[in-house]
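Visitor: Could you walk me through this one? I'd like to go through it piece by piece.

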Amino acid sequence: MRDFAYARPASLAEAASAFGDGGEAAFIAGGHTLLPAIKSRLRMPDTLVDLSGVPGLSGVTRDGDMLWIGAMTTHATVATNALVASAIPGLAGMANLIGDPQVRNRGTLGGVVANNDPAADYPAALMALDAVVETDRGSHRADAYFQGMFSTALDDGEIVSRVGFRVPLASAYAKFRNPASRYAVVGVFVARFADAVRVGVTGAGPGVFRWAEAEAALTADFSVSAAAKVVLSPDDLNTDIHAGAEYRAALAVVMLKQAVSQAS
Ligand SMILES: Cc1cc2nc3c(=O)[nH]c(=O)nc-3n(C[C@H](O)[C@H](O)[C@H](O)COP(=O)(O)OP(=O)(O)OC[C@H]3O[C@@H](n4cnc5c(N)ncnc54)[C@H](O)[C@@H]3O)c2cc1C
């Protein structure tokens, strides 16, 4: 591993300044993605800016029909928090499916959202729950925030501070996970609102996406039988050592049915 400087700022402004001072800096949250990348020399930051000392970045609050979760909130907290469980049980269930206890105890919402791994779970939830990603510079709607594999609307040095999720009438997440990594081979998050149903899909393609056909079918008829009639084209889906595109397309329908069944 190469030498690097370490900063532990006490405010968002200090964190932004510490990032700017480094030649090539990186924020560190749970370190579950960043540290393996540094060890394998995929990332070689000159400065690590540790966000764990910045106050106000952890915790869950409800404000009207929005549930706000701080960027440094761990997956374990989201999985067990009473506010999350009562407002959006599907989100608590999703967090409980991430990795294993070690990953859930260290990994953070902000780390996943900033990283945008195409097989990560949270991006599907953000899309389905019409989320807002708030940063030290402004805010981004989820629909425009995720821009394909490992790519987001964040500018260099922009810090995710919290994410707001619109509270639905019902929601659920179903994933077929890779048995080794626990990442999604396909994961489907369904959220039912008074006016429409939103569906986010992760793992299946090169980046998270909303599934328009499933949304239209379920908005008209929120039932497992309606979900069973939906089709996903394999054209833009991934083929890799874990699964082919046709298999992923079929799996997405199975996950959709499971999520609708749970949300019902
Ligand atoms: C064995 C294993 C299994 C896993 N399984 C799953 C799984 O099933 N599902 C899943 O979704 N994920 C899974 N993960 C990933 C896990 O959820 C990580 O927590 C996540 O990818 C990164 O979060 P982190 O807090 O560790 O971020 P870090 O590793 O600290 O940072 C990741 C990236 O985000 C940046 N960053 C971090 N916080 C911020 C912020 N607030 N603002 C701006 N940039 C920021 C960092 O600079 C870095 O580029 C797994 C990881 C491991 C190691």
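Visitor: Which residues are buried in helix 12?
Guide: In helix 12, the buried residues are Arg 248, Leu 251, Ala 252, Met 255, Leu 256, Lys 257, Ala 259, Val 260 and Ala 263. Buried here means that 20 or more other C-beta atoms lie within 10 Å of a residue's own, whereas 12 or fewer makes it exposed and anything in between partly exposed, with C-beta atoms placed from the backbone. Helices (H or I, at least four residues) and strands (E, at least two) are DSSP runs, numbered from the N terminus.

Visitor: Before I go on, what kind of model is this?
Guide: This is a predicted model, in which local features need pLDDT of at least 70 and side-chain atom pairs count only at pLDDT 80 or more, while totals for chains, interfaces and linings use all residues. Residues are numbered from 1 along each chain as its sequence is written.

Visitor: Back to helix 12, then: what covers its buried residues?
Guide: The cover includes helix 5 (89–95), strand 9, strand 10, strand 11, helix 10 (212–220) and helix 11 (224–228).

Visitor: And how far apart are the end C-alpha atoms of helix 12?
Guide: They are 27 Å apart, which agrees with the 27 Å that the 19 residues of helix 12 (residues 245–263) should span at 1.5 Å a residue; the expected span is 1.5 Å times one less than the number of residues.

Visitor: Strand 10 is in that cover. Why is strand 10 described as largely enclosed?
Guide: Nine of the nine residues of strand 10 (residues 184–192) are buried, so strand 10 is largely enclosed by the rest of the structure.

Visitor: How many bridges does strand 10 make with strand 9?
Guide: Strand 9 (residues 170–177) and strand 10 pair in the antiparallel sense over eight bridges, with Ala 174 opposite Val 188 and Lys 175 opposite Gly 187. The two strands form a hairpin with six residues between them, and Arg 182 in the turn has a positive phi of about 75°.

Visitor: What about strand 11, on the other hand?
Guide: Strand 10 and strand 11 (residues 197–202) run antiparallel and are joined by six bridges, one of which pairs Ala 191 with Arg 198, and the hairpin between these strands passes through four residues.

Visitor: Which residues does Val 188 touch?
Guide: Leaving aside neighbours within four places in sequence, Val 188 is in contact with Ala 124, Ala 174, Val 199, Val 201, Ala 252, Met 255, Leu 256 and Ala 259, where contact means C-beta atoms, placed from the backbone, within 7 Å. Val 188 also belongs to the largest nonpolar core, which has 77 residues, and there Ala 125, Val 188, Phe 189, Val 190, Leu 256 and Ala 259 touch the most other members. Such a core is a set of buried Ala, Val, Leu, Ile, Met, Phe, Trp, Tyr and Cys residues joined through C-beta atoms within 7 Å.

Visitor: New topic: is Phe 222 buried or partly exposed?
Guide: Phe 222 counts as partly exposed, because it has 17 C-beta neighbours inside 10 Å. Phe 222 lies in the loop between helix 10 and helix 11, and its contacts beyond four places in sequence are Arg 192, Val 197 and Val 260.

Visitor: And Met 72, where is that?
Guide: Met 72 is in the loop between strand 5 (66–70) and helix 3 (75–80), and counts as buried because it has 24 C-beta neighbours inside 10 Å. Not counting residues up to four places away in sequence, Met 72 touches Ala 29, Leu 51, Ser 52, Leu 57, Ser 58, Thr 108 and Gly 110.

Visitor: Gly 110 is also among the residues closest to the ligand. How many residues surround the ligand?
Guide: There are 31, the closest being Gly 30, Gly 99, Gly 107, Gly 110 and Gly 111; a residue is near a molecule if its C-beta atom, placed from the backbone, lies within 6 Å of it. Strand 2 (25–28), helix 6 (101–106) and helix 7 (109–115) are the elements that give two or more residues to this shell, and helix 7 contributes the largest share, five residues.

Definitions and conventions
Contact = placed C-beta atoms within 7 Å. Pairing = 2+ DSSP bridges.
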